[in-house]
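I opened a new notebook page for this structure. My plan is to go from the whole chain down to single residues.

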Amino acid sequence: MRPDSLNCAAKVKLQNDMILLPTDKCCMLYLTVLASFIDVTWCSVVLSPTVKDVVRYVNESYIVTCIEDRMKPVRWMKGERAAIGDKGHPHTTMLTLGAALVFERILADDRGQYSCRTDEDSASFKLIVISPISFTETPSVQTAEEHQATIVKCAVRGDPKPKILWKFEGKDVTPPKYSLVNGGLRIANVTLNDKGTYTCRAYQVSQVTSMFEEKSIKLNVQHKPMHEKPVHVRAYQAYGYIGGEVNLTCEAVAEPAANFTWFRQHKKTIPGRIIQIPHLSTLQLYVQNDSTFGDYLCKATNKLGTLDQIISLQKGVKPPKPQHIKVVDVSTDTLSIELLGPDLNQTQLVKDMLPVGYRLQYRPTGSSTKWNDAAFRDFDDIGEDEKYVITGLNHNTDYEIRAATINLAGISDYTPITVRRTLSLQADSISSIAMKTASFHHQLATVVILYTMEHL
């Protein structure tokens, strides 16, 4: 008998009645029951592979061979359409015993029933075409305007049609704030809390396949300029002193970023230098005389609105400089410094003008760098036992160091320069070994003393 895997049916003719009996046991079995004998005849058309339901993805290839062992001509057909030729898509290739049906790149429209036929027999298979999930017209970064409704776009293709689920920052989205619409997720009355990462998840499930894909989408919310810091920490007042420099800072968070404009007595032109970075603008002024003091208006503007901020520049007092600077420790790349602060007994300062920190400025000895461009570090901790550490220095290098006092009005004059060399790498290693050796001898001496005392 033929293999069990062959697709078949049996026709039984008993006297003058014809009965069709489906079965999976053979290709096509004709049983003719006559009065005195049984005649068994095998069908001649066989497919290889013998799979009835063939599942393939778009753009895959597939070849199925039709074998006819009686040398009869065969033809391939899709449904009841005209025979498939030897050119085009798909196409046939004639063989010695039959013909092959060739799909070089499967298309979605190729799905359907295909049969290989002779004038007497036929064998068929069903081609099931899966179009995998794909995201189209789905930008990874999208924008929305505050207080407006928006649609987070997520266009998904696939066959079977995918089911879409949404997440926001890993959590499910629920109505009435969110609603699913064709091509995306609708958000009602957008607020700044809606800014973040949305996940568009596509599920494709059928009897023959299951697939899951997702795409992350960052949503930015456009809004008018607003204060970044709470009310109690906003700098509406600044101090300066005649002959000194002062920085007036205006901050505003906005999307898109705001443009900053400074005004003085309703005039846009201000003698000073303006430094602007995203969300912040600094007006640097040289306090020439008393006329520099007063109110300054900063306007932060984008397409959605404007934020006004008035900063009042008040007359302050220049802080006294530190009395003394001393390098107390050194390594290959650091200098530890002690400062003796200004003598406040000889200077009468109101509470707002007391020192709030120190600035240490440094440069390699012999450097062409001017002091105005030299590196510095500001420290806001003030105390008698405080050490101020400068890091990231070059080894075996002489550095010039000076210090100044900082208060709300600005920076004092600098102390006289002190010079100190960082250690070389070898010296630092020797110093480290020496310290470890000294520590070992100290511990050893302690053990000897304790042992001696126990045995006296």
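My entries follow in the order I looked things up.

**Whole chain.** I am working with a predicted model. Next I checked burial. Of the 456 residues, 36% are buried. I then took the surface: the protein chain exposes about 27,800 Å². Carbon and sulfur atoms supply 52% of that area. Last, I went through the contacts with a separation of 6 or more. Residues 24 or more positions apart account for 59% of them.

**Strands 9 and 10.** Strand 9 covers residues 91–95, and strand 10 covers residues 98–103. How do they pair, and over how many bridges? I find the antiparallel sense, with five bridges. The two strands form a hairpin, and two residues lie between them. I also noted who faces whom: L95 is opposite G98 of strand 10.

**G196.** I moved on to strand 20, residues 196–205, where G196 has its place. Is G196 buried or exposed? I log it as buried, because its relative accessibility is 12% and the cut-off for buried is under 20%. I then listed its contacts, leaving aside neighbours within four places in sequence. G196 touches F168 and E169, and also I217, K218 and L219. N220 is 24 residues from G196 in sequence, yet their C-alpha atoms are 6.9 Å apart in space.

Methods
Residues are numbered from 1 along each chain as its sequence is written. This is a predicted model: local features need pLDDT of at least 70, side-chain atom pairs count only at pLDDT 80 or more; totals for chains, interfaces and linings use all residues. Side-chain values use heavy atoms; hydrogens and water are left out. Two strands pair if DSSP finds at least two bridges between them. Helices (H or I, at least four residues) and strands (E, at least two) are DSSP runs, numbered from the N terminus. Buried means under 20% relative accessible area, exposed over 50%, partly exposed in between (1.4 Å probe, protein chains only). Contact means heavy atoms within 4.5 Å. Accessible areas come from the Shrake-Rupley method with a 1.4 Å probe; for residues, only the protein chains shown count as cover.
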